[in-house]
Amino acid sequence: MSFDESDLRRRMNGAINSLKEEFIGLRTGRASTALLDTLKVDAYGSKMPINQVASLSTPEARLILIQVWDQSMVNSIEKSIRESDLGLNPQTEGSSIRIPIPELSQDRRIELVKVAGKYSEQAKISIRNVRRDIIESIRKLEKESQISEDEKRDSEAKIQLITDEFIKEIDDMLDQKEKDIKSVWAWIRFK
């Protein structure tokens with residue numbers, strides 16, 4: 001084979017992992033500590049993830065609880081949450097911070113579905129760019145007579161199969177995310 005399949009899969013998996021991270025940031029109305037994964041807190045002279053200065057849990061379906069280990073960090077964590085674009089309203093109680101997760105409106109859910117679609121399209125573009133790069137290198141090898149035309153054609157077909165596999169995985173992820181976003185909305189609508 002004229003290309004490194006494991007390298008191709010590794011690069012395409014990078015796009016999948018990036019999409020997973022972006023999907024985590026799209027709230028579905030359910031509490032998840034993953035909503036706070038991207039937030040950094042000013043702590044001890046540097047920026048640190050919240051989970052390195054506190055423990056996070058979801059004791060209820062619509063509540064995130066943060067147990068701050070160092071009382072002096074409470075205000076910094078609360079400020080970080082308020083200044084984020086997550087639209088959350090933390091409530092401080094001693095060394096604990098409670099974050100109620102508000103219900104999402106129908107309009108906001110529709111908007112989140114569109115954003116999820118954009119994220120998945122960006123991931124597909126990344127996959128296709130990886131495919132293009134590998135195919136260009138194969139064509140260069142054929143032009144330099146390092147591989148035959150048959151080897152080039154076989155490699156291109158194999159690359160396309162792998163690409164299709166990853167594109168399908170992205171489509172499946174998007175379908176699941178859309179269901180998650182719409183699930184509460186559908187329940188309210190038909191109640």
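**Before starting**

The model is predicted, so local features require pLDDT of at least 70 and side-chain atom pairs pLDDT 80 or more, whereas totals for chains, interfaces and linings use all residues. Residues are numbered from 1 along each chain as its sequence is written, and side-chain values use heavy atoms, leaving out hydrogens and water.

**The whole chain**

Display the entire protein as a cartoon. Its secondary structure amounts to four helices and six strands; helices (H or I, at least four residues) and strands (E, at least two) are DSSP runs, numbered from the N terminus. Along the sequence the pattern reads α-β-β-β-β-α-β-β-α-α. The radius of gyration is 22 Å, well over the 16 Å that the globule rule gives for 191 residues, so the protein is more spread out than a compact globule. That radius is taken over C-alpha atoms, and the rule is 2.2 Å times the number of residues to the power 0.38. The C-alpha trace spans about 70 × 50 × 20 Å along its principal axes.

Colouring by accessibility shows that 38% of the 191 residues count as buried; buried means under 20% relative accessible area, exposed over 50%, and partly exposed in between, with a 1.4 Å probe and protein chains only. Among contacts between residues at least 6 apart in sequence, 67% join residues at least 24 apart, a contact being heavy atoms within 4.5 Å.

**The sheet**

Next select β3, β4, β6 and β5, which in that order form an open sheet with antiparallel pairing. Two strands pair if DSSP finds at least two bridges between them. At the edges are β3 (54-60) and β5, each of which pairs on one side only. Neighbouring strands of this sheet are turned by 25 degrees against each other on average, direction ignored.

Centre on β6 (residues 96-100), which is joined by five bridges to the antiparallel strand β4 (residues 63-68). Three bridges join β6 to β5 (residues 91-93), again antiparallel.

Now select α1 (residues 5-24) and α3 (residues 106-143), whose axes come within 9 Å and cross at roughly 170 degrees. Helix α1 is therefore roughly antiparallel to α3. Axes are lines fitted to C-alpha atoms, for helices over the stretch in contact, and angles run from 0 to 180 degrees between N-to-C directions; under 35 degrees counts as roughly parallel, over 145 as roughly antiparallel, 65 to 115 as roughly perpendicular and the rest as oblique.

Show side chains at this contact. From α1, the residues include L8, M12, L19 and F23; from α3, they include Y119, I127, V130 and I134.

**Two loop residues**

Finish with Y44, in the loop between β1 (40-43) and β2 (46-49). Its phi is near 55 degrees, a positive value in a residue other than glycine. Is Y44 buried or exposed? At 58% relative accessibility, Y44 counts as exposed.

Then select S145, in the loop between α3 and α4 (149-190). S145 has a phi near 60 degrees, again positive in a residue other than glycine, and is exposed, with a relative accessible area of 65%.
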